[in-house]
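How do two packed helices sit against each other? Two packed helices are described by the angle between their axes and the distance between the axes.

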Amino acid sequence: LLDNEIQRLAQPSQASLALPASQPSLDQALEGTLDLHADLYAHWASHSSNIPSIEPTTGQRAALAAALLNAGRYPEAAAAMPEDAAETHHPGLLLAHARLAYHTGDVTQAQAAAGRLAEIVFTPPAQPGSHHTPWLPNKKTAQAMSELFSALQMFPQAVQAAQWALQSYPNESAILAILAQAQRADGQTQKACQALQAAICLEPGDLSLHRQLAESLEETGDWETACAERTILLAQEPSRSENYHALANCALHASKPQLACQVCQDALRINPEDGHSYAMLGDALTSLNDRPGAQAAYQQAVQIAPSFAQSWLGLARLQAEEGLMQTAIQTLQTAAQAVPHSGEVHYQLGALYLSANMPTQACETLSHVLKLDPRHAQAALLLSTALQQTGQPEQAVRVLGQAYQADPNHIELAYAYARALLETAQYAGALAPLQMIVNSAPTDPEPYVDLGQVLLAVGSPG
């Protein structure tokens, strides 16, 4: 077959028919029978130097490289590329060059080529009305382009590439899914939901689309609609425990504790050793004010899955609410050993220490929280209180200052830092956080009074 095709291509009158110079037609020829055509064109390209009349055009080389890359045949794609591919202005070759560079780990070169590609493809003509011939790759190459931008964390370009591809392939659910992924990464989660809903209309049986939509809806806080998607996933895949967990979690956030209870109980009938379901059952029963049932569920959870922090936190919360402060402290002390890297466990333990008038223990525990997460503002606030109670005001100022530097827009943290500075007569240092607070127009008059005091102290004409 290959020999016959080479002979046919050797006839100049047939060359233009067999190997059209335009990118779309060649891409369409490669679409659908990728491996066969990739072999054929690779064989042809290797013989073309002996047939000058059919020397491959830039567009044909780009199409061949794309076909080979789409087939995962990277060495052959590299061999098909011209030596000056990095300097080319042809979008197909630039894309192939960027994909090859990324595949070999040269991210810098891949980003440079991808940046030039975006300029060429997405920048409109400089002169209004000037002729601009669009580049129209096939579906697989169009998908690869958006995926490459996403892989390089060039998310606005990834969104643009997917939207551009949809102009030629508007009914491709795969491209809609790629668009949604790029939009989520670019912070456009609401638009991602719309793209996924459109993709599901085209492929209602694709559960991966339903899963992505559920996750996107949860990110937007639309837990009610997300529950519907999670219900579909559970109905279609009833053997997957994560589907029960996801629906129960969604139901809890959607203020549907009855549904969460039912889902957790269904999960436990399938797997009685499911600690995660016991933990969420405890949360659901707590919402339903069934405190004995919730405590029993949490007890089961910590026995079955002691490394699951949520169970310990729920159990300790119930105990503290019932006035069993020492019992709650002991529960979280055990939890801190079972889940040593859980900042929330250590934070809640520190808060209990402080409530129980144990500031020394609170200082140690809350300091550990800040080692795990230096941006934990609430831990810094509680630690500063504990340090003040143990007679360490300078340390309290230092802790608040470090936390403020890490998160200068946190209003409560900024005000606590400013107040600590004022109490130690460090007026100049309090000026910046107080100005930020006043600029946020608080209804509390205290920050305005404090700012006025600081301005008078530092001699500002304002």
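Axes are lines fitted to C-alpha atoms, for helices over the stretch in contact, and angles run from 0 to 180 degrees between N-to-C directions. Helices are DSSP runs (H or I, at least four residues), numbered from the N terminus. This is a predicted model, where local features need pLDDT of at least 70, side-chain atom pairs count only at pLDDT 80 or more, and totals for chains, interfaces and linings use all residues. Residues are numbered from 1 along each chain as its sequence is written, and side-chain values use heavy atoms, with hydrogens and water left out.

Start with helix α16, residues 257–270, and helix α17, residues 275–287. They pack at an angle of about 150 degrees, and their axes are 9 Å apart. So α16 is roughly antiparallel to α17 (the term applies to angles over 145 degrees).

Now look at the contact (heavy atoms within 4.5 Å). From α16, the residues include Cys 264, Ala 267 and Leu 268. From α17, they include Ser 277, Leu 281 and Ala 284. The residues of this contact divide into 11 nonpolar, 3 polar and no charged. Here Ala, Val, Leu, Ile, Met, Phe, Trp, Tyr, Cys and Pro count as nonpolar, Asp, Glu, Lys and Arg as charged, and the others, Gly among them, as polar.

Pick out Ser 277 in α17. Is Ser 277 buried or exposed? Ser 277 is buried, with a relative accessible area of 1% (buried means under 20%, exposed over 50%, partly exposed in between, with a 1.4 Å probe and protein chains only). Leaving aside neighbours within four places in sequence, Ser 277 touches His 245, Cys 264, Ala 267 and Leu 268.

Key
Helices (H or I, at least four residues) and strands (E, at least two) are DSSP runs, numbered from the N terminus. Angles under 35 degrees count as roughly parallel, over 145 as roughly antiparallel, 65 to 115 as roughly perpendicular and the rest as oblique.
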